[in-house]
Amino acid sequence: MISQRDFIFLYINGRPVQVTGEDLFDSLSNFLRYQYQAVGTKIVCEEGDCGSCTVLLGRFEKGEISYTPVNSCIQYMYQLDCTHIITIEGLKQNGQLNPIQLAMMENHGAQCGFCTPGFVVAMCAMFDQQKPATPQDIRDALAGNLCRCTGYDPIIRSGMAVQTEGLLKLHQLYPNQAMIRDFEDYQTRPIWAEWDGKLFLNPVTLEDALKLKKEYPQAVIVNGGTDIHVLRNKRGYDPDVLLGLSLLPDLSNLSVENEVLCVGARVRLAQLETFVRELIPELYKILVVFGSPQIKQAGTLAGNIANGSPIGDTLPFLFVMNAEIELSSTKGVRHLPISAFYLGYKQFAMEADELITQIRIPLCKKHDILKLYKVSKRKHLDISSFTAAFHMTQTGTIIQSIKIAYGGVGPVIMRLPKTESFLQGKPFLVETFQQAGQVAQQEITPISDVRGSKDFRLQLAENILLKYYYDITNAETAVSV
């Protein structure tokens with residue numbers, strides 16, 4: 001019989017740690033500062049926006065420990081079983097500042113110093129994967145870190161000045177043989193932890209996870225946690241039962257099978273971004289601006305779906321590709337078209353005992369045209385005001401078929417069947433798309449909020465069709481030239 005435990009086991013800066021009781025239900029940033037006394041990790045926004053609390057999260061996957069940057073303010077301790085956390089204090093080499101820390105000091109990359117630990121940790125993650133780096137590489141790696149006083153130029157210069165030949169790889173800094181042995185042992189032991197009326201469950205098989213979801217239908221699923229932990233920090237959201245998926249390797253599949261992209265529920269957005277770079281370039285471009293590296297190294301596609309937001313960046317793409325959601329329970333597995341998944345705002349055609357286990361996305365045919373759009377106040381790291389997706393098949397100059405989905409114009413992501421029907425069989429001309437824009441305005445029900453007015457979104461619904469036309473036309477002209 002597999003032994004059950006009431007604690008998580010992890011390493012912090014190379015030292016083994018067991019966490020149980022009240023601490024298990026606290027954020028990683030709080031635990032590091034107040035329990036572990038690693039006060040170099042700063043807490044500012046507690047929303048995963050500023051990056052001051054960035055740490056390196058080492059996950060044990062496929063027999064190896066790989067490190068990625070995450071925001072510790074929205075990672076909770078119960079998520080972190082069988083991981084290795086490296087904080088700013090743990091990046092010293094032989095008791096001395098490492099080359100990144102030295103470069104930040106020597107090139108005036110720090111002023112007040114509050115955000116500096118996050119910048120250093122994020123750069124360590126980047127340099128652990130690649131040497132050397134270009135200024136754009138550094139900007140991309142630091143997209144999730146905000147600087148309020150130094151300005152970015154000295155930080156970029158610091159990154160370019162790093163003496164990479166003297167920078168140890170993380171697996172050199174922390175040899176991992178003992179960690180791997182411990183993780184291999186603990187990953188076979190499920191967690192059942194209780195404190196003050198709260199229950200955390202972390203099964204080691206999908207079968208057990210489905211049994212627990214049946215027994216505790218109210219259980220909130222915890223995977224990336226990038227949304228629910230903002231709610232915990234800012235709105236007092238405090239579910240009684242949490243069901244973790246971190247020990248379920250069955251949900252990590254990312255592959256193409258019979259021209260269908262299969263994405264397991266535990267696949268992180270950063271993994272998906274890398275995988276689709278050549279396979280689906282339009283989706284890759286959206287994922288690049290989806291969020292910071294720290295967010296994408298935690299959040300998942302399944303989480304974006306389960307969040308149910310009408311401005312979820314990936315959802316219009318899934319709608320026009322006729323994606324299917326695999327829902328599993330003790331009764332079996334069923335596949336539901338994503339168009340049938342949303343019944344209303346935050347309402348789902350999903351039974352209380354079901355888990356999202358996989359997303360299946362048919363790939364474009366050879367001559368199909370896919371375009372995805374995101375409109376927001378900032379290009380990077382901003383919640384969308386409006387999103388759109390177009391998937392078109394064209395025969396000569398005639399639109400054979402087209403699928404259109406808009407986000408941010410109703411309580412759920414909306415397909416536009418009347419606009420699609422209007423365009424079908426029409427010539428691919430600017431006049432056609434001008435008229436289609438007027439049809440689209442009649443299909444949507446936007447509201448005014450902090451990210452845009454109703455009239456603004458109505459105008460976007462019309463303008464985006466013209467933009468789509470000119471984007472396709474300009475691309476075709478460029479190819480012909």
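This is a predicted model: local features need pLDDT of at least 70, side-chain atom pairs count only at pLDDT 80 or more; totals for chains, interfaces and linings use all residues.
**Helices, hairpins and a buried valine**

Trainee: What angle do the axes of α3 and α5 make?

Mentor: Roughly 35 degrees, for α3 (residues 116–129) and α5 (residues 152–160), whose axes come within 12 Å. F119, M123 and F127 of α3 meet Y152, I155 and G159 of α5.

Trainee: How many residues of each class are in the contact of α3 with α5?

Mentor: There are 5 nonpolar, 1 polar and no charged residues. Glycine counts as polar, and G159 is in the contact.

Trainee: Which residues of α5 are called buried?

Mentor: P154, I155, I156, S158 and G159 are buried, so each has under 20% relative accessible area. Their cover includes α2 (99–106), α3 and α4 (135–141).

Trainee: How do you know whether V409 is buried or exposed?

Mentor: V409 has 0% relative accessibility. The cut-off for buried is under 20%, so V409 counts as buried.

Trainee: Where is V409, and what is it in contact with?

Mentor: V409 sits in the loop between β19 (398–407) and β20 (414–415). Beyond its neighbours within four places in sequence, V409 contacts F386, M414, I444, T445 and P446. F386 is 23 residues away along the chain, yet its C-alpha lies 7.2 Å from that of V409.

Trainee: How many disulfides does the structure hold?

Mentor: The structure holds 0 disulfides.

Trainee: Are C82 and C147 buried or exposed?

Mentor: C82 has a relative accessible area of 3% and is buried. C147, at 13%, also counts as buried, because the limit is under 20%.

Trainee: What makes β1 and β2 paired strands?

Mentor: Pairing takes at least two bridges. β1 (residues 7–12) and β2 (residues 15–20) have 6 bridges and run antiparallel, so they pair. F9 has Q18 in β2 as its bridge partner. The two strands form a hairpin with 2 residues between them, and N13 in the turn has a positive phi of about 50 degrees.

Trainee: How many bridges do β6 and β7 have?

Mentor: 5 bridges link β6 (residues 191–195) to β7 (residues 198–202) in the antiparallel sense. The requirement is at least two bridges, so these strands pair too. E194 stands opposite L199 in β7. D196 takes a positive phi near 50 degrees in this hairpin, with 2 residues between the strands.

Trainee: What is the strand order in the open sheet of 4 strands?

Mentor: The order is β6-β7-β9-β8, and the pairing is mixed.

Trainee: Why are β6 and β8 said to stand at the edges?

Mentor: β6 and β8 (220–222) each have a single partner strand, so one side of each lacks a neighbour in the sheet. Neighbouring strands are turned by 20 degrees against each other on average, direction ignored.

Trainee: Which helix packs on the sheet?

Mentor: Helix α8 (residues 206–215) does, touching β6, β7, β8 and β9 (241–244). The direction of α8 makes about 165 degrees with that of β9.

Conventions: Residues are numbered from 1 along each chain as its sequence is written. Side-chain values use heavy atoms; hydrogens and water are left out. Buried means under 20% relative accessible area, exposed over 50%, partly exposed in between (1.4 Å probe, protein chains only). Contact means heavy atoms within 4.5 Å. Axes are lines fitted to C-alpha atoms, for helices over the stretch in contact, and angles run from 0 to 180 degrees between N-to-C directions. A disulfide is a pair of cysteine sulfur atoms within 2.5 Å.
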